[in-house]
Amino acid sequence: MKAILAGALETGLGTVLSNVTVFVENGKIADIAEGLDPRNADEVIDASDMIVTPGLIDAHTHIGTYCEGFPESMEDANDMVTPVVPHLRILDAIYQDDTAFADALAGGITCVQTLPGSGNVIGGQGAIIKTATASGGRKKTADEMVVKAPSSMKAALGENPIRVYKEKQKLPNTRMGNAALLRQALVEAENYRNKMIQARSKNEPAERNLQHEALLPVLDGDLSLCVHAHRCDDIATAVRIAGEFSIPFTVEHCTEGHLIAPFLAEKNVYAAVGPTLTGKPKLELRNKTWDTPLALWKAGVHFCIITDHPVVPIEHLSVCLSLAVRAGLPREEALKAVTIYAAEHLGIADRVGSVEKGKDADLVIWDGDPLDARSRAVATIIDGETVYSRS
C-alpha cells in the first residue's frame, strides 16, 4: 500500500480537497481519506505542501510516430499513396523510444491518444496508451502501454487530403471529393458485411477484405469516427455524414467551432480543440482563437483541449490551459478539459480522468498551480508507480 499526503487534491471533477491522503494499491486508487495520515502504508509520498491532480490526458497526438529529432521522411503516421486506408493501425508504428514520452511525463501527461495523420480521407485506427515506456526497470512494448486499441478510426476533411491528392491527380481534389470518398468507403463496408452474412448463411467461403472489415466497428457503433475538421463547413460535413450512417464520431481540432457553437450543442458533438498554440499557416486556420473553448463551454458543447503533438510539444499542454483561462474559460473547466472531459471524449472515463476510488492511480504532484506556466511537475505516477521524479 502506498500513501500520498496531499496538501490540496484537485479531483478533476471540479472539486478541491484539502489535507487528504490518497491510498494506492495494485495500481488503483484504493481510498481517499481525510487528514494527512498514512496509516500503515509501505511507502509514503509527502506532498503535504503541494497540489495533486489526476494525470493529464492529451486526446489527440501523434506521439511515437512523429518522433522528436527524426527527419520528416521517417515519420510513420501517414501512408499517402491512396486516400482510404482504414486497415492501417497506428499501434504497428509506435516507437516507444521517442523522447517525447519523457517530455510527456515531465509535463504531467499520463495518457494520450496517438493517431494516424490527416493526409488521407480515412487514415486508419488510433490507439490510447499510457506514456510510461518502462515499468519495474524493464522496457515496455507498445502493446503493454495500451489502454484501448483500436481507439477510433481517423478521418480527415478539409485542406490536407486535397493538397496531397491534387498533386497526384487523384480524388479528392475538392471538399466534395473528401465527402464522397468517406461515404463510398462506408457504403462499401456495409455491402461487404451483407455479403459476409449471406456467405455464412449459405455456409460458403468468403474472401476477407481488411479495408472493409476495419470499418465494420464504426458502422456497428463500437468505434468512433475521429474526424479532422477545422472549418465550420467541414465540421458540418462531419456531422452530416455521421448522421447519414448513424455512427459515433468526434470532431478533432474544431478550429471554427466558436462560429457554430449552438449548432454543435444541438447535435451533441464531442470536440477536441487545438492545437491553438501555433501560427496560422493554412487558410482554414485563419479564424483560430483562444476564444473557442470559452464559446463551446458557454454553449454547452462537450470539449477537451489537445496539443496535436508534435504541432505543439506535448509538455506544453498545461500552457495551453493557462492561455484558455486567460481568454475567459473558468479555471476548473480548463483542468477538466485535460482530465475528465478528455477521458469522456476517449470513452475511458471509467478508468482515468479523475481521482476516485477504483480508478487507475495516475496522479501528478505539482509545486504550484498546474495551470500556472511557472509550475512544474515534481512527480508523475502511472498505475501507482512513480515514473517521473524531478529530483
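Start by selecting residues 182-209: over this stretch the chain is 71% helix and 0% strand, with its end C-alpha atoms 17 Å apart. Helices (H or I, at least four residues) and strands (E, at least two) are DSSP runs, numbered from the N terminus. UniProt, in an unreviewed entry, places the feature "coiled-coil region" at residues 182-209. UniProt positions are given in the numbering used here, feature names are shortened, and annotations may be inferred rather than shown by experiment.

Before moving on, note that this is a predicted model, in which local features need pLDDT of at least 70 and side-chain atom pairs count only at pLDDT 80 or more, while totals for chains, interfaces and linings use all residues. Residues are numbered from 1 along each chain as its sequence is written, and side-chain values use heavy atoms, with hydrogens and water left out.

**Stop 1: two helices side by side**

Now select helix H4 (residues 175-201) and helix H6 (residues 232-245), whose axes come within 11 Å and cross at roughly 20 degrees. Axes here are lines fitted to C-alpha atoms, for helices over the stretch in contact, and angles run from 0 to 180 degrees between N-to-C directions. H4 is therefore roughly parallel to H6; angles under 35 degrees count as roughly parallel, over 145 as roughly antiparallel, 65 to 115 as roughly perpendicular and the rest as oblique. To see who meets whom, show the side chains: H4 contributes residues including Leu-182, Leu-186 and Val-187, and H6 contributes residues including Thr-237, Ile-241 and Phe-245. Contact means heavy atoms within 4.5 Å.

**Stop 2: helix H3**

Next, pick helix H3 (residues 159-167), where Glu-159, Asn-160, Pro-161, Ile-162, Val-164 and Tyr-165 are buried. Buried means under 20% relative accessible area, exposed over 50%, and partly exposed in between (1.4 Å probe, protein chains only). What do the buried residues of H3 pack against? Their partners are strand E12 (152-156), H4 and strand E13 (224-229). After H3 comes Gln-169, with a positive phi near 55 degrees.

**Stop 3: an aromatic pair**

The structure holds two aromatic pairs. Select Phe-70 and Tyr-95: their ring centres are 5.9 Å apart and their planes stand at 50 degrees, so this pair is tilted. Rings of Phe, Tyr and Trp (its six-membered ring) pair if their centres lie within 6.5 Å; planes under 30 degrees apart count as stacked, over 60 as edge-to-face and the rest as tilted. Phe-70 and Tyr-95 both lie in the loop between strand E5 (56-61) and helix H1 (100-106), so the pair ties together parts that are 25 residues apart in sequence. Phe-70 is partly exposed at 37% relative accessible area, and Tyr-95 is partly exposed at 36%.

**Stop 4**

Most residues other than glycine have a negative phi, and most peptide bonds are trans. Zoom in on Gly-274 to Pro-275, where the peptide bond is cis with omega near 5 degrees. Another cis bond runs from His-309 to Pro-310, with omega near 10 degrees. His-253 has a positive phi near 90 degrees; this residue sits in strand E14 (residues 249-253) and is buried, at 3% relative accessible area.

**Stop 5: Ala-6**

Finish at Ala-6 in strand E1 (residues 2-10). Is Ala-6 buried or exposed? Ala-6 is buried, at 0% relative accessibility. Beyond its neighbours within four places in sequence, Ala-6 is in contact with residues including Ser-18, Val-20, Leu-36 and Val-52. Its C-alpha atom is separated by 5.4 Å from that of Val-20, 14 residues apart along the chain.
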